[in-house]
Amino acid sequence: MVFKIIVTGSFNSGKTEFIKRISEIIPITTDKPVTEQELKEIKTLTTVAMDFGRLTVDEEIIVHLYATPGQERFDFIYPLLLKNALAIIILGDITDEKSIKDIVKYYKKFKSLKRLPTVVALTKIDLKNSVPEEKIKEYLSELPEDVPILKIDATNKEHVKKTILTALQMLFESDEEQEIV
Amino acid sequence: MEDKKALIVCKESLLSEIVAYTLKKLSCSVDMVDNPKDAVSKAEKENYTIIVIGNNNGTIVKHKLAEIIYNKSLGRPNVVIFKEQGEIIPKAHYLKILDKPDFYKTFIEILQKESPAIRQIYSPEESSLSNFIKIPNFKKTDVASFFKHLKGNVKFHIRTDEHEILGFTMGADIFILKSTLNNIYDILTLKNTEIATEPLSLNEFLSLTLDTKTFKINFRDFIVNCINNINNKDELLSMLPDKKSMVTLKAPVYIVKQIDLINDNINIEKLHSNPNTTIEELIKEDDNLEKTKAVVCMYMLNMIDIEKPIESKKYDVKIKKSFLKKIIDKIRGL
């Protein structure tokens, strides 16, 4: 049985790095040179379709990790991706105001497609030029209170594990019977 | 009635003679045998219109013998079985079940006083089942649940206000010693049942008086026949747990495929490769009664594992809790 964890977020938020940390295979990436002039100044390669990683749990269970493209023109992929998805991780670059603002947009988009445990992770905490805390709060104020907001380094395996586990734990604890017990 | 032929398969000579006399009076020519081998041999060569089966010298149960004779017969005979009190005979389209005539017993009893020799012709079986379960600790138990969990080598006594069934399992077979049901395969439809059980030792099994009238069948076939006999979908569904429960095929595919009811109605390969299927999805595929029977059959025979999925109103996720726990543990251990 294949389940999925979806990692999304704006351009240059660290999605590919994120899945690299826990995938048992070298992620299959579809990075291509950035064509948009404005974006070229930020990075030279970007994900054009999706990155794919895999985690084998046992003979029966496999988890596929998908990093979806940040660009809006790939929105058509999302409904297909969400089948058997367990959680969504929305990444935002903590040093980039637009990237943080986009988080709410991604959240709304996915929520409208399927209700999944969602965790927001602000990446690049190792960099010094992060957006001020008040502004982050302001940009993310539209998120519901039950959506955790973590600050991580997407190249740090423990940070990545913690992010995914937070989302899966939300699902585990949402079981009604479990709550009663 | 000219040219009709009848075959009587019975070891009780007096009864055979009575039946033969009746049939001859109805212009049938009559053959008589006292064992299944001769009966089958004759049925293969002669075109019998009617075959009467009573107690005979074979070990095969009457309804099974009827099925064999019918299938091997030159023609398509009407098979009549003389049913003893308490004997269980499943229905079949070619079968007519009659209570074994016993009017002559009265004659015997009267004549016994005058002529003790008659005892040798008729010696009624006396078997007391009153002490079958020595310490009958009856508990209110759902009969479907009881059979789902029934193990080998167990004696059981099932009772309701109207019915009583005594039987036991030995290895892979189930034996029914007494039943007040018209059709034993109606047993899963019994309501408000109280059941007492006791282990059956091999010594006790060997000391039991079993003969051709003892109903014996492979337990798996018994359950399949019982389920096949239920044509009320709601009744079938009531035997299953929550319809949202997820199904995982537990038994090997080749074993499951041996049961026609399942093989004909469920895509076993698909179920095997998709352990995240719910009961609802299995049944709803084309929503027919046979498919429901097949799912109940798999459930009753413990061929599938049933697990409740995460019941979340918050998220649209379908996963077994055990699966999710495994994923969490895996990621923790990375």
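Which elements of chain A make a right-handed β-α-β unit? They are β6(A), helix α4 (residues 97–113) and β7(A). A crossover is called right-handed if, with the strands pointing away from the viewer, the path from the first strand over the helix to the second runs clockwise.

## Basis of the description

This is a predicted model, in which local features need pLDDT of at least 70 and side-chain atom pairs count only at pLDDT 80 or more, while totals for chains, interfaces and linings use all residues. Residues are numbered from 1 along each chain as its sequence is written, and chains are lettered from A and ligands numbered from 1 in the order in which they are written.

## Chain A

Chain A has seven helices and eight strands. Helices (H or I, at least four residues) and strands (E, at least two) are DSSP runs, numbered from the N terminus. Of the 181 residues in chain A, 39% are buried. A residue counts as buried if 20 or more other C-beta atoms lie within 10 Å of its own, as exposed if 12 or fewer do, and as partly exposed in between, with C-beta atoms placed from the backbone. Among contacts in chain A between residues at least 6 apart in sequence, 70% join residues at least 24 apart; a contact requires C-beta atoms, placed from the backbone, within 7 Å.

Strand β6(A) covers residues 85–93, and nine of its nine residues are buried, so the strand is largely enclosed by the rest of the structure. Six bridges join β6(A) to strand β1 (residues 2–9) of chain A, and the two run parallel. Here T8(A) has I90(A) as its bridge partner. Strands are said to pair if DSSP finds at least two bridges between them.

## Where the chains meet

In the contact between the chains, 24 residues of chain A touch 22 residues of chain B. On the chain A side, α6 (157–173) and α7 (176–180) each supply at least two residues. The largest share, six residues, comes from α6(A). The chain A side divides into 15 nonpolar residues, one polar and eight charged. In this division Ala, Val, Leu, Ile, Met, Phe, Trp, Tyr, Cys and Pro are nonpolar, Asp, Glu, Lys and Arg are charged, and the others, Gly among them, are polar.

## Strands of chain B

In chain B, strand β3 (residues 50–53) is joined by four bridges to strand β1 (residues 4–9), and the two run parallel. V9(B) stands opposite I53(B) in this pair. Four bridges also link β3(B) to strand β4 (residues 78–83), likewise parallel, with I50(B) partnered by N78(B). Together with helix α3 (residues 62–72) of chain B, β3(B) and β4(B) make a right-handed β-α-β unit.

An open sheet of six strands in chain B has the order β6-β10-β7-β8-β9-β11, with antiparallel pairing. Its edge strands are β6 (139–140) and β11 of chain B, each pairing on one side only. Two bridges join β6(B) to β10 (residues 194–199) of chain B, where K139(B) stands opposite I195(B). Helix α7(B) packs on the sheet, touching β8 (164–170), β9 and β11 of chain B, and its direction makes about 95° with that of β11(B). Such axes are lines fitted to C-alpha atoms, for helices over the stretch in contact, and angles run from 0 to 180 degrees between N-to-C directions.

## Buried parts and a partly exposed histidine

Helix α7(B) spans residues 219–228, and F222(B), I223(B), V224(B), C226(B) and I227(B) are buried in it. Among the elements covering these residues are α5 (143–149), β9 (173–179), β11 (215–218), α10 (260–263) and α13 (289–300) of chain B.

The largest nonpolar core has 76 residues, of which C297(B) and M300(B) touch the most other members. α13(B) gives the largest share of this core, seven residues. Leaving aside neighbours within four places in sequence, C297(B) is in contact with I223(B), V224(B), I227(B), I259(B), L261(B) and I262(B). Apart from this core lies another, of 48 residues, including A121(A), V131(A), L168(A) and M170(A). A nonpolar core is a set of buried Ala, Val, Leu, Ile, Met, Phe, Trp, Tyr and Cys residues joined through C-beta atoms within 7 Å.

H272(B) is found in helix α11 (residues 268–273) of chain B. H272(B) is partly exposed because 14 other C-beta atoms lie within 10 Å. Not counting residues up to four places away in sequence, H272(B) touches L249(B) and V253(B).

Definitions and conventions:
Two residues are in contact if their C-beta atoms, placed from the backbone, lie within 7 Å.
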